Amino acid sequence: MERHIQMFLKRLSYVSITIGTITFILLLLKTPDTCVAPDSPPKPHLRFPKSSCDSSPRELLPLHKKNKRLWSTKTWQNKVQSFSNFFRACYQMGLLHNDSKVLCVSAGAGHEVMALNQLGVADVTGIELLDSPPLVSRADPHNLPFFDDVFDLGFSAHFAKALFPNRFVSEMERTVRAGGVCVVVVDECGDEEVREIVDLFTNSSFLGALNVTLTGLRMTRIIMKVQHLP
């Protein structure tokens with residue numbers, strides 16, 4: 001009796017193993033129906049998706065279409081408008097003109113570059129560690145690829161992110177002509193913090209600091225006039 005039971009259990013285990021193996025193979029070979037578009041080609045042309053969201057290759061948009069989509073968003077337009085208002089104040093102070101050559105250091109995606117272009121400044125150069133064509137080119141803010149005395153105005157809204165503030169400032173001063181200005185914007189700060197930043201500009205004189213609102217944030221604008229002191 002016990003022998004018959006053992007044989008039955010052994011056969012049952014063989015059957016279970018066989019069914020489990022077949023089921024596992026079918027699961028590997030079957031492409032989930034939820035991931036396959038109705039017009040997809042039949043197998044074996046389909047590759048097995050890596051995830052439930054990986055049913056088809058994503059559309060690769062040309063650069064101009066990507067930019068058009070980005071630049072049409074409300075967030076982008078609001079930031080550009082904020083920079084436009086900021087630079088209008090520079091016009092009113094006589095620091096900026098349509099024929100000015102402007103350098104935007106650490107320009108991010110290029111909101112300030114677009115704002116200046118829309119205001120009528122044609123010669124604007126934006127640089128960042130990662131480029132965002134056509135507004136921003138790739139360059140190291142600590143080692144600018146420009147000759148001395150090239151620009152009339154140097155601007156940065158991301159000075160606080162500089163890895164080496166002294167080098168960052170010295171490169172701005174080097175590339176801005178004598179009589180031109182460097183304008184940096186930092187998180188809103190007091191007189192002591194302003195003085196620490198001003199002291200980094202060894203070849204410039206302090207023109208003034210003012211608390212402003214930029215892209216919805218409370219910031220402090222610091223303006224330095226480049227003199228190229230010996």
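A residue is called buried here when its relative accessible area is under 20%, exposed when that area is over 50%, and partly exposed in between (1.4 Å probe, protein chains only). The structure is a predicted model, in which local features need pLDDT of at least 70 and side-chain atom pairs count only at pLDDT 80 or more, while totals for chains, interfaces and linings use all residues. Numbering starts from 1 along each chain as its sequence is written, and side-chain values rest on heavy atoms, with hydrogens and water left out.

As for the overall layout, the protein chain has six helices and seven strands. Both kinds of element are DSSP runs numbered from the N terminus, with helices being H or I runs of at least four residues and strands being E runs of at least two. Read from the N terminus on, the order is α-α-α-β-α-β-β-β-α-β-α-β-β. Taking a contact to mean heavy atoms within 4.5 Å, residues 24 or more positions apart supply 58% of the contacts in the protein chain with a separation of 6 or more.

Next come the charged pairs. Side chains of opposite charge can pair when their charged atoms come close. With a salt bridge defined as a side-chain nitrogen of Lys or Arg within 4 Å of a carboxyl oxygen of Asp or Glu, a search of the whole structure turns up six of them. One of these links Asp148 to Arg174, with the closest N and O atoms 2.8 Å apart. Asp148 sits in the loop between β3 (136–138) and β4 (151–156) and Arg174 in helix α5 (residues 165–175), so this pair ties together parts that are 26 residues apart in sequence. Asp148 is partly exposed at 46% relative accessible area, and Arg174 is also partly exposed, at 22%.

Arg174 has another partner in Glu171, and here the closest N and O atoms are 2.9 Å apart. Both residues belong to helix α5 and lie three residues apart, about one turn of the helix. Glu171 counts as buried, at 3% relative accessibility.

A further salt bridge brings together the side chains of Arg218 and Glu188 (3.1 Å, N to O). Arg218 is in strand β7 (residues 217–226) and Glu188 in the loop between β5 (176–187) and α6 (191–198), so the pair ties together parts that are 30 residues apart in sequence. Both ends are partly exposed: Arg218 has 44% relative accessibility, and Glu188 has a relative accessible area of 40%. Elsewhere, salt bridges that share partners join Asp148, Arg167, Glu171 and Arg174 into one network.
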